[in-house]
Amino acid sequence: MITVLLVAAVIACWFLWSRRPDSPIESEPARTDTVVVRDTIREPIPVPVVRTVVRYDTVLVALPAVDSLPEDSAAVVLPIERKTYETEDYKAVVEGYKPSLVEMEIYRQSTIVTNTVVQRKRPRWALTVGPGVGYGPRGVQPYVGVSFGFVLWSK
């Protein structure tokens, strides 16, 4: 009887061992999450944050001909201002009598990509033969037996 149980245990162990995967860790396919959001937002014209007079320029302004007076020009002194516009997305500096862009900083949007690989450990079962101590009709006494159970540790 013990020989039959021992042979059955060896066959069961061989069957379970041959079906084991090469690696004790199974990996699911990698999951990639990419979030890119770009909305079109129309904002009112921003008010300059900083406004300073850089210099004064003299500009000739043409005066149109009126009735019998010929066309003429006059020298006008104009303050040349530098204005700084700032929002969450950019900073622009504009300057001049006929305004021109002096400096521009754009704060670009960032895209965050998260790759997640989920690894699961496969439960490991064992069929073992060995000595033990048990309680039976004759009380506590040693025995040799076959056990089947879950292995809690792994390499």
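Modeller: Gladly! Two strands are said to pair if DSSP finds at least two bridges between them. Strands (E, at least two residues) and helices (H or I, at least four) are DSSP runs, numbered from the N terminus. This is a predicted model, in which local features need pLDDT of at least 70 and side-chain atom pairs count only at pLDDT 80 or more, while totals for chains, interfaces and linings use all residues. Residues are numbered from 1 along each chain as its sequence is written, and side-chain values use heavy atoms, with hydrogens and water left out.

Colleague: In what order do the strands of the open sheet of four lie?

Modeller: Strands of a sheet pair through backbone hydrogen bonds, either parallel or antiparallel. Here the pairing is antiparallel, and the order is β3-β4-β5-β6.

Colleague: Which are the edge strands?

Modeller: An edge strand of this sheet pairs on one side only. That is the case for β3 (50–63) and β6 (100–106).

Colleague: How many bridges do β3 and β4 pair over?

Modeller: One example is Y56, whose bridge partner in β4 is P79. β3 and β4 run in the antiparallel sense, and their bridges number 13.

Colleague: Which residue of β5 does E86 stand opposite?

Modeller: Strand β4 (residues 72–86) is joined to β5 by five bridges, and the two form a hairpin with three residues between them. Within β5, Y85 has A92 as its bridge partner. The residue opposite E86 is K91.

Colleague: Which residue takes a positive phi in the hairpin of β5 and β6?

Modeller: β5 (residues 90–95) and β6 are antiparallel, with six bridges, and E95 has S100 of β6 as its bridge partner. There are four residues between the strands of this hairpin. The positive phi, near 125°, belongs to G96.

Colleague: Is T84 buried or exposed?

Modeller: T84 sits in strand β4. Contact means heavy atoms within 4.5 Å, and beyond its neighbours within four places in sequence, T84 touches residues including P48, V49, V50 and A92. Because its relative accessibility is 10%, T84 counts as buried.

Colleague: How far apart are the C-alpha atoms of Q109 and V36?

Modeller: Q109 is in the loop between β6 and β7 (112–116), and its relative accessible area of 33% makes it partly exposed. Along the chain, Q109 and V36 are 73 residues apart. Their C-alpha atoms are separated by 8.9 Å.

Colleague: Which element gives the largest share of the nonpolar patch?

Modeller: This surface patch is formed by M1, L5, L6, V10, V129, V144 and V146, with about 710 Å² of accessible area together. Patch residues have over 30% relative accessible area and no salt bridge; like charges are joined within 9 Å, and nonpolar side chains (Val, Leu, Ile, Met, Phe, Trp, Tyr) within 5 Å. A salt bridge is a side-chain nitrogen of Lys or Arg within 4 Å of a carboxyl oxygen of Asp or Glu, and accessible areas come from the Shrake-Rupley method with a 1.4 Å probe, where only the protein chains shown count as cover for residues. With three residues, the largest share comes from α1.

Colleague: And which strand does V129 lie in?

Modeller: V129 counts as partly exposed because its relative accessibility is 46%. V129 belongs to residues 125–136, which form strand β9.

How values were computed
Buried < 20%, exposed > 50% of the residue type's maximum accessible area, 1.4 Å probe, protein only.
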